[in-house]
Structure formats: structure tokens, C-alpha cells
Protein chains: 2
Amino acid sequence: MSHREAVISKLVDPQSVAVVGASTKPGSVGYVILENLVTRFKGQVYPVNPKYDEVELWGRRIKFYKSVSEIGDPLDVVVVATPAPTVPKILEEAGMKGVKAAIIISSGFAEAGNAELENWVKAVARQYGVRVLGPNCIGIYNAYTNFDTVFLPADRAGRPPPGPLALISQSGAVAAAIMDWAARRRLGLGFLANYGNKADVTEVELLEAFAADHRVKVITVYVEGFKYPGEARRFLETARKIVPKKPIVAYKAGRGGAAQRAVKSHTAAMAGTYEMYRGLFQQAGVVEASSVREMFDMAKALATQPTPRGGRVLVVSDSGGMGIQAVDALEALGLEVPEVPESIAKELKRELLPFAAVSNPIDVTGSATDEHYKIVLDALLPTAFFDMALIVTLMQVPGLTKNLAKYVIDSKRYGKPIAIVNFGGSELVQRFEEELEDQGIPVYPTPDRAAKALWALYKYGEVKRRL
Amino acid sequence: MSHREAVISKLVDPQSVAVVGASTKPGSVGYVILENLVTRFKGQVYPVNPKYDEVELWGRRIKFYKSVSEIGDPLDVVVVATPAPTVPKILEEAGMKGVKAAIIISSGFAEAGNAELENWVKAVARQYGVRVLGPNCIGIYNAYTNFDTVFLPADRAGRPPPGPLALISQSGAVAAAIMDWAARRRLGLGFLANYGNKADVTEVELLEAFAADHRVKVITVYVEGFKYPGEARRFLETARKIVPKKPIVAYKAGRGGAAQRAVKSHTAAMAGTYEMYRGLFQQAGVVEASSVREMFDMAKALATQPTPRGGRVLVVSDSGGMGIQAVDALEALGLEVPEVPESIAKELKRELLPFAAVSNPIDVTGSATDEHYKIVLDALLPTAFFDMALIVTLMQVPGLTKNLAKYVIDSKRYGKPIAIVNFGGSELVQRFEEELEDQGIPVYPTPDRAAKALWALYKYGEVKRRL
């Protein structure tokens, strides 16, 4: 790891931070960030605000510093949440103290027509060798240490639990909404980064940092458009290096005409043609999603499932109708649903219910028991005829119990990707889903979403073989 | 309404029913149906089972009848849940008593290779003039009276509240899963019908019955394939008559090769080519969905929103990124996102935040308040430039409160369809959603789903103008 890379890694995972603009005014940006860090962060926090000495907050006495230079200990990161015009001086002070990284939450720079102030920040950063994330960003959420510069309180934007996914988002609001959504679904979003105006630290450097962190299994990227010449090339080169070891899933927003008009006004990015991005992702081996939700559907599978050898999918269902919907979705994506070899079909015919369909999709029928699924999985998943399994478990039928989860989890030993479709909302359905997901089996509410997740695994397998 | 139509209407909405095969054995089909009807049905129930006289169950004394003919009162419907071979005789008895409709839950007929027994049932039904739903079906769920022949207990398959949607499903398990899902989401699914082997009563007749019921605002149809010659033509003719008054949304499962193989084995239906169904829906003015979830996304909008005059959509968002995603989705569906006329844009520029984007999509920014949405909606929805509105409300940003719901609901007065995108999971997000949906504003978790719902409204508007 180069010195530059080490600095960015510390930026997303620091041990010690100062918060300049820390505030005691409830609801303010400087208050929420201080509360995040004081009450939950596992590292050292140094609040900076000349207005306060010592304050009693959240049941503890908090010492404030007058300035960054007053802090005796070394700092990994300085978080800045003061009015824009004060930022260059704070950065200078941090630089003189030897701090290597800053996160500038403050807005009022290029996005507000103040390009000059942003250039000044860049110049100071360069002079003192301080790397800057932002300005005009929500910064970093790190679920492992609770390093959390997101200035939205938890009752608005929930905090997801630690887990194998990392998100790099060009939009702060989209990132916050994703956090809240992931928290509700207990989706393990270990890291989130938003770079705002991207005055200095780029998405490419964040990619490198997450690639280097062994806790991250999949990197998701929300992008509206690159901003500077040469970025597309750097993204391509970096992604190509990462992808053979760790999948990247990207969603590019802003595709059509009106959308590109909006991208330009939103992030001043060069939207480029959508085809350009599409080609870029393809060359880079990045799996492309067509929405935020799909990006996480794919990421959930990529983080937990092995890479398949091919695209032949076994479909098992207790509802003929759902099995058919799954096949529709798989075939539309170019995956195969091959027939079951006759010898095995004969054997299944003996062991399953008389009216079960033993071709692929296999319909164990609404009268099925947990054991019928086990029989099918044990007979077919170990064979060379199938690369993956899509299993529909409508738990509304009378014969199924939560033991079915155990049989599905046992099937992991065959080393092939599995995705579950489970639809409904009763307690039984929810407990069943939680058990599967806790054991690394991804569950989706509809066949098309499970199919797309399996497609992403297949696509990633292809990329790995190619690169 | 013809006599035939009146009989089918009674079948889905009876006042008095006998349950033949009513059982006191917990968990059995005859037990669950009896429990449904005895504890919740608002009409008269007559349990039939020669094994019992009077039984104490669910805190009440229940009188059993030896046979249907022993029941003195008239019956609208006989529900049959006895072994297949006993069914023809029960039907005969019902016919002799003058009962006009029966629901045969029992399986073991054509679907089990027993076509002869099914033909016998058909012959008896014809001879006595009894219309038969099934056999091998889950029958009817009527949320208004709790007439409920679904033999899955409520802890497996929740029961949705009364509301403007009706579902006709070719698959019983899919119907049960939809029930459970709708219950969890408080989606008003007032009627559900599953016709199993379709020995007699067809989906076309159920369509007519729901068309005639003023409580039904939208009819949804899950179909795998027609079974008999002439059905496609009858479906077309009937749908064309209904659609100008009430929208029909259909999802056809079983599109590709392997899927059609499965359809054949599942419901013995002629899958036909998917293109044939596609053409049929188009000619009939049926709005086509590409998944079960999408069908209900569309239905929710069609049940609550006015029909738009055209396809020009106003997009308002507090997140530039989400606004862009919405535009992507709308444009991909062929809807327009026209620019805001310059004079109004100038006015908005004065009233919104300095960095707001006043073109379409309008970005009120993450610093927006509830009032900014109100300003935009009041300035643009009444004008002739827009036919619908897609409003993104990421409630994670600090300035929004639940009062925003009120402003959105107030905008109904402009008589134009509205769809909301709300993403996340915190308490605030959920309460906000519930208030909107209770007031007839459909809410979707992602821009693509809201866009598809608006597309369905647009499509239905086109159909209405054409037919």
C-alpha cells in the first residue's frame, strides 16, 4: 500500500478525529456529528469550538478545544462543519499540525457558484499535503467503528449494521436514503462514502481503499457522471485491477435527455452518453445494475454466494405459477433452465408427490413438505447439470415449516449459488427469511429480483474468467 | 344482469353457505374453512358432516347437518371439501335442493389424471343447473363479508383489508402468497378468486362479476394460459366491454420455452405464444404488467388516481439523484418530462432556495422545507403544461416534516394523478407513507416503480380514448 493509499484508508477508518464546528445546539449539523462520534465512535474524538470549554452532554463531560492546533495528540482526520469562508484557515491549521486527511461537510463552494473558494481550499490542501473529502458532502459512515459524519439524526436516517457491502455515492441524499433503507432491512452496509463536490479525493481512490479492506466483499457505486477529463480512464484501470478479486456493482443514473440536463445541474458532472458508461463498465468488468434496489439485490448475492461455473439454473418451487415466473425472468436474462436428465427425473418421480412436476422447473406442489425440497436439492445440486439454484418457498402452503431453512442452508455444501424467493408477510415468512439471510442465503420477494441476482453472479463469473 | 351473471355474483358474495366436509380436526382443510366462516363470515353458515351433531368450538356451540338436503333454509353456495370420489353425489344433492352455485376445494380430479371424475362432476352440474368453481382451488376470499374458503390459516396467509382491488388468479398458491403480501402492506384487496381446474366457471365470468360490483375499482388478473378453444375470443369481447368503465391489469406468466413447458405441466393450459397474449391484451385494452408486484403497483394507482389527459410528467425531488433516476425511468417508458416554461421558472427561482434547480426535474434540494414542495405543486400542477406528477420525498433530509403529506394531499384538487417515491425505513418515513396511502396517494419505494404506475395511468387513458 502506497502512502497515498494509506491516507485514504485512514480517512474511511480513522482512530482519532477532531470535529471543527462541533455544536451544542440540538439538530444542527455540528451537533448531530458530535453526538454520533461522542456516543458511538470507538476511537478518540476531539470537539473543536472556541465558544465552549467543557459541556455536559449525553450524560458525560465533554472537553472542547479552541482550535485544531490546541489538540496535543495526533489526529487521523479533521471533520469540518463550519461556514464555508472559515474552511481554508482551518485546513491550513490542520496541515501545519501534520494532519493528513480532512472531511469537509460544509457547503457554499462550487455547488453554490463559489468556485474561487473551492480552488483556495484545493490550493491549501495541496500545499500542506492534506487530502480532502468534499466539500458539500455527508462524508463517511463506518459501521465497524461507528465513525459517522452523516449529519442526519438516526430517527431520520437509520444506521445499518456492519457487513460486507461498501457504497460509494455521488449523491448525499441518495446515500442517506440507502442507509435508512439498509438499516431497516438489516443489510450489512459496512461502509458508505459520499464525496460531494470532489475537490480532491475521488471515487477511484475510495474504490482503492475499499478494495484494500478485507471486510469489504462487494463495492457498490452510485454515479451520475464523471467530472474531470481522464477520470473515466482512471476508473477503468482501477476497476480492472480490483474486479478479479472483488466484485464492483455500479448504477449510473441519468440516461436519457431530460435526465442528463438534470445531472448537469445537480452535480455539474459531464453526463456523457449512457452508452459510454455502459461500455466503460463492460470493459472494466463492473456488473451494471439498472436501479439502486437492483444494485443491492446483486451485491447481497455477490457478497455471500460462490461464483458459478456457468448459467444453468435449477428452479424448485412449491407453486407452479411462481416457478413459471422464475423461468420467465431467468430466460429473459439469457440464463438457461435445462431439463432434468431422465434417469434422475425417474428417481424424483418415485420420491416426490404423485402430482409433482419433475422437469425443470420442479414443482413440488402446494402439498409439499420440507423433505421434498431436500430430496430435490440433494439429487440435483451436486450434479454437473446445474450451476445455480433458484428456490421458491411460498410458506403459505400448509406442509412447510421453518426446518426448510435448515435444508437450504445445508445445501451450501454443494458449493453452488442459491437464491430464495419468498413472498408474503406473516411472522413465519419473516422468521424464515431472517434465518436464511443470517446464514448467508439471499432472499428476494419476487422471482425477477432473484433471477437478476443470479444473473449478476453469472456475469461476475464471466468477468473473472475473462480478466 | 342476466340470471347467469346473478349466480356468479352470488358465488363471490353469498349470504348463506353450507360447508360440506366441515371438520373439527385442527389444521385440516375442512377445519380452517369452518373456522374462517364461523368466526368471521357475516352471513349464515351451515356445517355439514354426518360424524357430528353439535360441537363446542371457538367458544360457541356449532350445529352440524348430516347432509345438504337436511338444511331447511335456502343456500347461496355450497362449499365442498370432501374426498374427490364423494363430490358428484354431494353436487347432485345440492342441485336437488335448488342450490345454484358450488365451490369445490377438493383435489384429485383432472390435475391428478382423473379426467373422468371431473367430467362426471361437469355432467351433474349441467344436469341440475349448478355452477361450479373449481375443483382443486382455494376458491374465494371476500374481504367485505369475510366469505373465505381459503384453507390456509391466517398465521400462514394473512387476510387483506377490504378495498378497491379484485384478483382473479389461475394459481392457488400465487393467490395465497398475494393475500399474505397484501395483508402485510394493508393493500385493499377486496376480492380474490381462484378457479383451479376451471371445470365450469371461467375467469371471464369472474371478470363480469367483478365488473358489476361497484366496490371493485380495478380488476387484476394472473393468468398462465387459456385452456379451451374460444376462451381467448370471449376474454377479448368481455374485457373490451369492461375496460371503458373499469381498468383491468393482467400479468401473463410463462413466456419463454422452458416456462411454457412448465405451464403445460402446471395447469394443463395452452400457453400459446407470449406474443399472442400480448396482442390480445392490447386489443382488449387490458394494461399489461410484467410481474405480480408490478400488477399491484399499477392497480394501486389506477384505483385511486384520475385518468391523465396525456403523458407529460412533472418531477419534483429533494434529491437531485433521485430526480434523475425518476426521469430515466419515465423516459424509458416513453413518457415526457418537459421543461418548465421560462416565466414560471423565473418565479420559482425567486421562491425556492438559491441552489434549487427549477427546470424539470425540479430539485428543491436537501435543504428544502415542506413549503417548497407546496410552492412547486401550486405553481405547476394547475397549468396545462403537465398531466401528472412524480414526487420524490426523501424524508431523511433535515427540513421535511409530516406536514408535507398534507400539502401533497391538498394537491389532489388539481385533478391530476400523483405518485410518491419514498425510500427508507425510519418511523417518520413509515407514518408519512401511511397517511398518504390512507388519503389515496400511492407511494412507491423506488422511482422505477412509481414511473411504471404513472405509465399504467397514461396507458389506461389512451385505452379509454380509443375504446
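Me: The backbone nitrogen of A:F147 lies 3.2 Å from a polar atom of the side chain of A:T145. Why is this called a polar contact?

Reply: A polar contact is a pair of N or O atoms within 3.5 Å; within protein, one must be able to donate a hydrogen and the other to accept it, and residues adjacent in sequence count only if both atoms are side-chain atoms. The distance here is 3.2 Å, so the pair falls within the 3.5 Å limit. This is a predicted model, in which local features need pLDDT of at least 70 and side-chain atom pairs count only at pLDDT 80 or more, while totals for chains, interfaces and linings use all residues. Residues are numbered from 1 along each chain as its sequence is written, chains are lettered from A and ligands numbered from 1 in the order in which they are written, and side-chain values use heavy atoms, with hydrogens and water left out.

Me: How do you know whether A:T145 is buried or exposed?

Reply: Buried means under 20% relative accessible area, exposed over 50%, and partly exposed in between (1.4 Å probe, protein chains only). A:T145 has 14%, so it is buried. This residue lies in the loop between β8 (139-142) and β9 (147-148) of chain A. Helices (H or I, at least four residues) and strands (E, at least two) are DSSP runs, numbered from the N terminus.

Me: What does A:T145 touch, not counting residues up to four places away in sequence?

Reply: A:T145 touches A:D13, A:R40, A:F41 and A:K42 on that count, where contact means heavy atoms within 4.5 Å.

Me: Why is B:Q305 called buried?

Reply: Its relative accessibility is 9%, so B:Q305 counts as buried. B:Q305 sits in the loop between α10 (292-304) and β15 (313-317) of chain B. Its side chain reaches the backbone oxygen of B:G440 at 2.7 Å. Leaving out residues up to four places away in sequence, its contacts include B:K416, B:P417 and B:L457.

Me: What makes α6(B) and α7(B) roughly parallel?

Reply: Axes are lines fitted to C-alpha atoms, for helices over the stretch in contact, and angles run from 0 to 180 degrees between N-to-C directions. Angles under 35 degrees count as roughly parallel, over 145 as roughly antiparallel, 65 to 115 as roughly perpendicular and the rest as oblique. Helix α6 (residues 203-212) and helix α7 (residues 231-242) of chain B pack at about 10°, with axes 9 Å apart. The two helices are therefore roughly parallel to each other. Their contact divides into five nonpolar, one polar and four charged residues.

Me: How do you know how α13(B) runs relative to α14(B)?

Reply: The axes of α13 (residues 370-380) and α14 (residues 403-410) of chain B come within 9 Å and cross at roughly 10°. That makes α13(B) roughly parallel to α14(B). The contact is made by B:D370, B:E371, B:Y373 and B:K374 of α13(B) and B:N403, B:L404 and B:Y407 of α14(B). The buried residues of α14(B), among them B:L404 and B:Y407, pack against α13, β18 (418-421) and α15 (427-438) of chain B.

Me: What makes α5(A) mostly covered?

Reply: In α5(A), 11 of its 13 residues are buried, including A:V174, A:I178 and A:W181. Helix α5 (residues 172-184) of chain A reaches 19 Å from its first C-alpha to its last, close to the 18 Å expected; the expected span is 1.5 Å times one less than its number of residues.

Me: What caps the N-terminal end of α5(A)?

Reply: A:S171 does, with a side-chain oxygen 3.5 Å from the backbone nitrogen of A:A173. Just after α5(A), A:R186 takes a positive phi of about 55°.

Conventions. Ala, Val, Leu, Ile, Met, Phe, Trp, Tyr, Cys and Pro count as nonpolar, Asp, Glu, Lys and Arg as charged, and the others, Gly among them, as polar.
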